[in-house]
Amino acid sequence: MTTTDSVDTGGKPPRCAIIVGEPGNRCPGVQVAGVDHCLAHLDPTQLDTFLSELSPGADLDVRYTTLDSELINRLTQAVTPPESPPRPQLGRADFRGATFTGGAYFTDTTFTKNTSFDDATFTENAYFSRTTFALHASFDDATFTKNAYFRDATFTKNAHFTSTTFTKNAHFTSTTFTKNAHFVGATFTNNAYFDGATFTENASFARTTFTNNAYFRGTIFPRCERLGPLTADRLDVRGAQFGVAVVVEAEAGEVSCQRARFSGGVELRFRHSRVDLAEVLFGAASSLGPSATALATEAQVKSWREKNSSIDHRPVLMSLRGTDVSELALTDVDLRWCRFAGAHHLDKLRIEGDSPFPQSPRRVRALWHPRRQVIFEEHPWRARWKPTSGWLASEPFDTEQVEQVGPNRLAALYRSLRKALEDGKNEANAGDFYFGEQEARRRAAGTSPVERAVLWAYWLISGYGQRASRAVTALVGVVAVLAVVLITCGLPAAGPTSQLTTVTRVTPGGGQETVTTSTDVAPQLPPGNARWTLDRVDTSVRVALGAVVFRDAGQKLTTAGIWTVMVARFVGPILLALAALAVRARVKR
């Protein structure tokens, strides 16, 4: 039931006198000047009179009024100048608390003065495409139940969307924000499109929630110093351009920065995010690390961690392809799935904090195949010729065919990253990368047979100087072999080592003299059944140990034993040096 009632303003803007529903429940709409009804409740004659008095640039106050699409169309037609193209013009427009029950069509409208849609509710699509807001425009706490279209709109002064709710898609494609744009605390339940938009000054998205995807593809931020912290299922800033040093902070399941340009440098802070930094331009010192601001729900975090195979909240870096990383620092970043192939100046990349790399598969023969840190490019390379060895043929996120890296290129990647780790005083991981570099060299088609043989021996006896256990095992083997050789053919039997011969002869003076000469007796081996005695084993081991450390036991040896000791004195110190080198490589800082 709808009736009229007396109006008591109480010092506030006069409300419509129409009673809606229950008695005393008066329509909240603001009265039109000269009548006691709001615009929605004017009779046809009053409405025609009101509209006829409007002209382009007229002020409009329809606070808390319910407006349907037909009424909006008549309003915009009333303020449209006769010249072509027709562009409605409104002066000071106050739509605070208004409810738009049909489509809100403001396409091509120019608001020449301050405009407010604070607390307004749009139950159907809202159309503000190519609209110009000459002064301040505010949509604080407004609710867009359906799609909101601001394509090619221009906000000449500050634009406020604080705590605004967009239930469906929000389209700000190619929109221009000449001054500050405030989206603080706004909620985008569906996708939000800012593709090609321009934020000339700061763009405030602090604690903004994008339940689905937030697209800033090709967006221009000439003087924006901070974007976020915000939360989104997917944050897409591909091709975006930032003119000054900026902080980009988000808690998102996926972040794509492909072809983005950070001319003044950037501090990327992401949480639970899978990050793609392919073909990014870092114009100054930049960094990627975890964000400390938690905004997402537990259900979102659980979904993201499962989808990204993440360890914890640290960002998971996916690719640096085509990116010059000489200005980039990675701190506490998950690098298990990162593809480094195609990156430039990898030797200048700074890797800090707890930034884990992938590991080689577990092996049964742990001594000869211990686990080591690798880069992901080695996984598919190994998987091609060892498909059942535990190496991964692809990462869980590969949606298209990825170029495979061969051994020569893999060796170059390891060499560059090894230098980067050494510069960061991470000698242990640098040693693992040296191991990977030599493995790739050993298996490269262009490696000569001689070089491959040398590398194979280097790998076998010491793991390229990175596995002390191999060198020690080889040393023990050398001592054992030497001891066996000495027992069997190196230690002579006990007996005289020389033979004395005495000769008496007449001197020219008629006297006699006795001459005694000593002749070495060739060492003789004992019989075969007498060679393996405890005394001989003990002597052989002591001689072998002394030989590898350049100590002479003074033991009489056969010719075979002498040559055996000479070989041990050459091989032993090499193995000791390799063992010491491997230990130093693991503990040096």
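**Cysteines, a helix pair and a strand**

Author: This predicted model holds zero disulfides.

Reader: What is a disulfide, anyway?

Author: A disulfide is a covalent bond between the sulfur atoms of two cysteines.

Reader: Take Cys 16. Which cysteine sulfur is nearest, and how far away?

Author: That of Cys 38, at 3.8 Å. The cut-off for a disulfide is 2.5 Å, so Cys 16 is in none.

Reader: Is Cys 16 buried or exposed?

Author: Buried. Its relative accessibility is 0%.

Reader: And Cys 224, buried or exposed?

Author: Cys 224 is buried, because its relative accessible area is 0% and buried means under 20%.

Reader: Switching to helices. How do α4 and α6 pack?

Author: At an angle of about 35°. Their axes are 13 Å apart. Helix α4 covers residues 378-385, and helix α6 covers 427-443.

Reader: Left-handed or right-handed crossing?

Author: The crossing of α4 and α6 is left-handed.

Reader: Which residues make the contact?

Author: From α4, Trp 381, Arg 382 and Trp 385. From α6, Glu 439, Ala 440 and Arg 443.

Reader: What classes are those?

Author: Three are nonpolar and three are charged. No polar residues take part in this contact of α4 with α6.

Reader: Now strand β3. Where do its side chains point?

Author: They alternate along residues 58-61. Ala 58 and Leu 60 point to one face and are buried.

Reader: How does β3 pair with β5, parallel or antiparallel?

Author: Parallel, over three bridges. Strand β5 is residues 89-94.

Reader: What is the bridge partner of Asp 61 in β5?

Author: Asp 94.

How values were computed: Residues numbered from 1 in each chain as written. Predicted model: local features only at pLDDT ≥ 70, side-chain atom pairs only at ≥ 80, totals over all residues. Heavy atoms only, no water. Buried < 20%, exposed > 50% of the residue type's maximum accessible area, 1.4 Å probe, protein only. Axes fitted to C-alpha atoms, helices over the stretch in contact; angles between N-to-C directions. Helix = DSSP H or I, 4+ residues; strand = E, 2+ residues; numbered from the N terminus. Left-handed = near helix turned anticlockwise from the far one by under 90°. Contact = heavy atoms within 4.5 Å. Nonpolar A, V, L, I, M, F, W, Y, C, P; charged D, E, K, R; others polar. Pairing = 2+ DSSP bridges.
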